[in-house]
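User: I have a model open and a few things to ask about it. Can we go through it piece by piece?
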Amino acid sequence: MRYLFVLLAALLAACGEEQPVKSTTQLAPDALKAHSELFHKGVEKVTDGVYVAIGYGLANSIMLEGDDGIIIVDTMESADEARTVLAEFRKITDKPVKAIIYTHNHTDHVFGAAGFAEGKDIPVYAHESTSYYINRVVNQIRPIITARSMRMFGNHLPHGEHINDGIGPHLGITPESELYALPPTHTFDDRMSVNIAGIQIELVHAPGETEDQLFVWLPEKQTVLTGDNIYQTFPNLYTIRGTYYRDVKQWANSLDQIRALGAEHLVPSHTRPVHGQDKVAELLTDYSDAINFVHDQTLRYMNLGLTPDQIVEKVQLPEHLASNPWLQEFYGKVSWSVRSVFDGYLGWFSGNPSELQPLAEPEEARRMATLAGGNDALLESAQKALNDNDAQWALDLSDHLEILMPDNDAVKTLRADSLRKLGEKEANPNARNYYFTVAREVQDGLKPGFHTQMSDDFLATLPIENFLHAMPALLKAEETLEKNIALGYAFRDSNKQFTLRIRRGVAKVHDGIDDDVVATLDTTEATWKAIAAGIQNPATALAGDDLDIDGSTLSAMKVLGYFEKID
């Protein structure tokens with residue numbers, strides 16, 4: 001028996017040397033242009049009483065028409081877009097909005113809610129964790145997530161560079177957009193059965209693209225609204241804007257749960273509906289199988305000791321899945337998914353010991369230049385690579401050149417041209433938009449992030465704790481390594497009190513006001529939220545009645561000066 005195990009181990013080791021499944025051909029941008037046909041704008045009737053608005057923003061909004069009212073499932077990314085879609089729905093019926101359902105917390109599904117509510121007190125149904133995720137809109141990583149999202153969705157790109165966003169025509173958010181999500185009022189853990197306007201509705205928790213994801217099952221109409229667990233492109237098992245690990249095995253299981261319903265109609269919150277029980281079942285099977293294939297094969301090669309780079313070369317969808325129109329890489333990518341699964345199980349370290357204590361980037365750049373024969377020779381090599389249409393290698397070399405010669409116009413041009421060449425032939429819109437946007441940042445000084453409009457009413461729905469607990473991650477620690485200083489907050493409208501303490505490079509927020517605070521900011525929650533969101537100038541608030549300082553104004557300003565100011 002021992003020899004059998006030895007033989008099996010040898011066979012498994014040999015598997016690590018096999019050739020990968022043949023990779024699918026890189027799709028041309030022409031295919032991405034054709035993909036835009038999925039988003040032609042209009043309201044489509046799915047079945048009696050079910051209508052879906054497609055092409056008005058990144059996501060769909062779905063209207064369910066009942067006896068004496070309508071239900072809105074997912075509410076677009078801004079109140080302005082929501083009002084546009086509601087006007088289209090009003091061409092079908094003038095029945096009042098009886099309820100709103102969020103399939104999950106993402107911006108393009110919740111931040112138009114106020115546009116559908118039209119100032120009325122509308123019940124909002126969602127998973128019990130959705131409020132938590134919406135409240136994180138003001139959090140520790142908002143600036144970088146905003147910048148990376150604008151790159152990924154191509155919000156700053158002109159027509160031609162931007163073609164579409166893979167799961168929708170565009171993310172319709174600008175600095176003028178009004179974002180206003182209504183807080184959920186009716187929540188559940190596993191499932192909820194409810195009758196609204198005479199429609200029997202089953203809400204079922206189905207984690208996948210997000211932890212709070214749910215699907216809406218209409219048993220009398222044999223229709224399932226799947227949220228973002230399926231759309232007509234390979235799924236975003238990892239998103240390059242940045243996210244914590246998405247449990248892809250759980251995602252596949254949720255799709256199997258949906259398939260078990262035997263639905264006649266499937267309505268995703270992106271791309272177009274699917275009709276026919278057999279077709280729906282086959283699609284859900286293939287989609288689940290694709291996710292399981294990537295997950296399981298990644299684990300297989302992880303257990304054989306391969307690194308993420310090596311696994312990416314081996315894990316390719318088999319032909320029957322790679323050729324499926326619903327699994328083309330117009331949003332997610334298999335390679336990105338492999339890396340995410342690896343990281344989700346094992347973290348950042350690939351297993352290669354050279355990564356344990358790598359050279360600092362400046363030192364590696366200097367040594368690369370030495371190998372090339374100097375900075376000019378390295379630049380010449382990079383330029384030659386670009387001229388030879390080897391844009392990826394040119395971009396790799398420009399990483400070093402950017403460190404060595406940060407203000408050199410030739411380096412900036414080389415880097416921007418490399419990015420554009422990669423973008424021109426890239427069919428995945430997330431990657432394509434990212435390439436083109438960063439090219440504009442490099443050459444034109446574009447800043448991709450921006451503030452959107454948040455009304456006082458919307459800010460009022462967010463806990464003040466969110467705004468205070470976001471501050472420690474903004475601390476300029478190097479300026480406070482010898483400091484132990486505290487600032488109090490007293491919110492006169494809620495009677496909540498907090499202390500922000502800086503202790504030798506670390507900031508913490510806790511309830512109550514310590515005896516040794518240098519000053520206390522006496523203000524309202526609304527005022528501080530507006531200041532933290534960049535809507536109100538603190539000097540203006542201090543000059544008026546909105547903000548008072550009990551104690552040393554100079555000391556209070558000094559404490560606040562230890563924190564980064566985010567544009």
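User: What stands opposite A490 in β17?
Analyst: Q497 does. Keep in mind that this is a predicted model.

User: And how do β16 and β17 pair, parallel or antiparallel?
Analyst: They are antiparallel, with eight bridges between residues 484–491 of β16 and residues 496–503 of β17.

User: What sheet is that part of, and what is the strand order?
Analyst: An open sheet of five strands, ordered β18-β17-β16-β19-β20, and the pairing is mixed. From one strand to the next, the twist averages 20 degrees.

User: Which strands does helix α20 touch?
Analyst: Helix α20, residues 525–532, packs on the sheet and touches β16, β17 and β19. Its direction is at about 105 degrees to that of β19 (519–523).

User: What about α22, which strands does it lie across?
Analyst: Helix α22 (residues 553–560) lies across β16, β17, β19 and β20, and runs at about 105 degrees to β16.

User: Switching to α9. What span should it have, and what is the distance between its ends?
Analyst: Helix α9 covers residues 277–303, which is 27 residues, so at 1.5 Å a residue it should span 39 Å. The end C-alpha atoms are 39 Å apart, in agreement with that.

User: What follows α9?
Analyst: G305, with a positive phi near 90 degrees. The loop between α9 and α10 (308–314) also holds T307.

User: T307, buried or exposed?
Analyst: Buried, because its relative accessibility is 14% and the cut-off is under 20%. Leaving aside residues up to four places away in sequence, T307 touches F342 and S350.

Note on methods: Residues numbered from 1 in each chain as written. Predicted model: local features only at pLDDT ≥ 70, side-chain atom pairs only at ≥ 80, totals over all residues. Heavy atoms only, no water. Pairing = 2+ DSSP bridges. Helix = DSSP H or I, 4+ residues; strand = E, 2+ residues; numbered from the N terminus. Axes fitted to C-alpha atoms, helices over the stretch in contact; angles between N-to-C directions. Contact = heavy atoms within 4.5 Å. Expected span 1.5 Å × (residues − 1). Buried < 20%, exposed > 50% of the residue type's maximum accessible area, 1.4 Å probe, protein only.
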